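Subject: Structure for you to look at

Hello,

Here is the structure I said I would pass on. My notes on it follow below.

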Amino acid sequence: MKKLASLLLVVTMSAMVFSGCGNNGSSSSKKDDSTFLIGGSGPLTGSAATYGLSVKQGAEVAVKEINDAGGVKVGDKAYKLDLDFQDDENKEDKAVTAYNTLMDNDINAFLGTVTSTPCLALTKNAYDDGILLVTPSASALDCTKYDNAFRICFTDPMQGEKLAEYAVKTLGKKKIGIIYHNDDDYSIGLEKAFTEKVKELGGEIVASEASASKDNDFSTQLTSIKSSKADLIFAPVYYQAAAYITKQASDAGMKIPFIGGDGWDGILGVVTEPATVEGAVFLTPFTATDSSVADFVKTYEAAYKETPNQFAADGYDGVYAIAEAMKQAGSIKNEDLIAAMTKITVDGLTGKMTFDKSGEANKDAKFVEIKDGKYLVK
Amino acid sequence: MNLFQSIMEQLLNGLRTGSIYALIALGYSMVYGIAKMINFAHGDVIMVGAYALFMGMTALSLPLPVAIIFTIVVCAVLGIAIEKVAYKPLRNASSLAVLITAIGMSFLLQSLALIIFSATPIPFKSIISMKGIKIAGVDIPGITIITLVVTTAIMVALTLFINKTKAGSAMRAVSEDRGAAALMGINVNRTISMTFAIGSALAAVAGILYICQYQSITPTLGALPGIKAFVAAVLGGIGSIPGAMVGGILLGIVESMSKAYISTELADAIVFGVLVVILLVKPSGLLGKLKAEKV
């Protein structure tokens, strides 16, 4: 009996070990001469899974659209696009493994990563390999440090500055409390730029409370902000933490409005009481209720039974940017593609953008308010 | 808001998390007292409780009181099963073997939850909808009131059970001296099973309070409170029931106060610093009894 039990344990354990492998390759590449393979990497499982899935699905829509229209004409040859998207769980080690797998699959351009921390872990590898890297949504400044890297979304400091202007100039708030993660590049980047800009504009940061990104209890920090008499709280965190923070603030009887960065996008999917985020404003370059993006939203909703968010749009624009670069370059050689990036204009879902030498996209910011449990463009 | 109100609110924050730690620490301490082992799978019982409540309310669509009882029963049965399958065969093995088994059990539970429910957090709407109250300018959230009432009631009931009932005496006897207790006609196996059941039922309650507070369920949600509660049990004197209560609440308050008035980054360092100091001064923990080794 004892032997049987332990045997059973061994079997289940080893079954678990093996079930971990093999299910993360989304599409194995059947590459031929007329296929241009785009490799992607982002969290498809775990607490940031929404971002990765959205980017992947947005990119899939773009790939299908381009292929249905006959592919990308490069010189006199038409290429079909194919997407190989790997799961990096928003972890550095997994991202490097995913990237190496993609390179082994012989990708032509890299769309990723979706989040900042994994992206920073592999920028140097991508630079050494000389491949074109277009990150849809990794916003840490150093993600585009190298010449081969370009970015669709705003950088952290750009977001922080635009939010500071919005808080002080548009909302007229002068006493601002901040709650951020001091172990997360995204959060620190926004917090720093925001603080500097608010001071420059004559506002005051009355409380700046740090937390860890794995935390789920923020009541201590919120109580401190409450006693600082702040009239606005800036929370540059991802949506899951934002859901904890807003819920706990409302539990503590706080009625101070919140603003946040684009990490807040998707928050309505994880809050249990929409009233706790009512009135919150966050920055985003894309919103599904815009009439100019209606076609994309329709296709996306039909395919995935959900409304696309900013990350889906970033993924979509990322694929189009790569396609534009292919056309412009007239070749699919790495160095030609990279050189073409600064010459293209992409009329994307997240705005009309051009890229400069630093790798940043030039485009405008939009603000979204949560009203009656819905996203509302300001 | 003045300094007094702010300090009071921070104290309440600490008291709330501390009382959840205490509930979990009780499980560690009771099991250690009886079975002389650290049940590292205890934290994951909290997680199982959270998923059980979620499944009870969604998949089985049970009414709330039934769902709560269902959760407690699932955890109690799980506690007994863990003991029977993993620990009982090792009762006379070296303590290292038991320790490794306990860690393995913890990973097994986490991985099973990962396979069944995946790593994506499940949003869970709190089952407690009580409005907060305001006393002398101090906001007391409804969840804090419920948590404090529930944990106090459980601690009183547990103390009475252990000190006033026959089964409680049996538990104390087994923890004093297992061999002598068996000679006195106490069913040691049943007493150990009962201890695991009670400890796991307490973890179930802690799990319910925990997800009502944080409203999201993940396969690893039990890990952090589990570790903190273990520290609380050691702080209070592992094996001692009142020690676990005092240790849990003290830990919660120290954590909250150091986050609020010293530094968020240093909070964990301060918590463990306090543990080190207390163990240096009193190696058996705050309320632990130092037993002379029989040679």
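Helix 6 of chain A (residues 185-200) has 16 residues, so at 1.5 Å a residue it should span 22 Å, and its end C-alpha atoms are 23 Å apart, which agrees. The expected span is 1.5 Å times one less than the number of residues. Helices (H or I, at least four residues) and strands (E, at least two) are DSSP runs, numbered from the N terminus.

Please keep in mind that this is a predicted model: local features need pLDDT of at least 70, side-chain atom pairs count only at pLDDT 80 or more, and totals for chains, interfaces and linings use all residues. Residues are numbered from 1 along each chain as its sequence is written, while chains are lettered from A and ligands numbered from 1 in the order in which they are written.

Surroundings of helix 6

The buried residues of helix 6 of chain A are Asp185(A), Tyr186(A), Ser187(A), Gly189(A), Leu190(A), Glu191(A), Ala193(A), Phe194(A) and Val198(A). A residue is buried if 20 or more other C-beta atoms lie within 10 Å of its own, exposed if 12 or fewer, and partly exposed in between, with C-beta atoms placed from the backbone. These buried residues pack against helix 4 (116-129), helix 5 (156-170), strand 7 (175-181), strand 8 (204-211) and strand 9 (232-234) of chain A. Contact here means that the C-beta atoms of two residues, placed from the backbone, lie within 7 Å. Just after helix 6 of chain A, Gly202(A) has a positive phi of about 90 degrees.

Helix 5 and helix 6 of chain A pack at about 45 degrees, with their axes 7 Å apart. Axes are lines fitted to C-alpha atoms, for helices over the stretch in contact, and angles run from 0 to 180 degrees between N-to-C directions. That angle makes helix 5 of chain A oblique to helix 6 of chain A; under 35 degrees counts as roughly parallel, over 145 as roughly antiparallel, 65 to 115 as roughly perpendicular and the rest as oblique. By class, the contact of helix 5 with helix 6 of chain A has 10 nonpolar, three polar and six charged residues. Ala, Val, Leu, Ile, Met, Phe, Trp, Tyr, Cys and Pro count as nonpolar, Asp, Glu, Lys and Arg as charged, and the others, Gly among them, as polar.

Ser213(A) lies in the loop between strand 8 and helix 7 (219-227) of chain A. Its C-alpha atom is separated by 9.1 Å from that of Ser187(A), 26 residues apart along the chain. Ser213(A) counts as partly exposed because it has 17 C-beta neighbours inside 10 Å.

Backbone points to check

A cis peptide bond joins Gly112(A) and Thr113(A), with omega about -5 degrees. Thr113(A) is in the loop between strand 4 (109-112) and helix 4 of chain A. Glu89(A) is not a glycine but has a positive phi of about 55 degrees, and it counts as buried, with 22 C-beta neighbours inside 10 Å. Ser61(B), also not a glycine, has a positive phi of about 35 degrees; with 8 C-beta neighbours inside 10 Å, Ser61(B) counts as exposed.

Between the chains

The contact takes 31 residues from chain B and 30 residues from chain A. Helix 1 (3-35) of chain B is one of the elements that give two or more residues to the side touching chain A, and helix 1 of chain B gives the most, with five residues.

Regards
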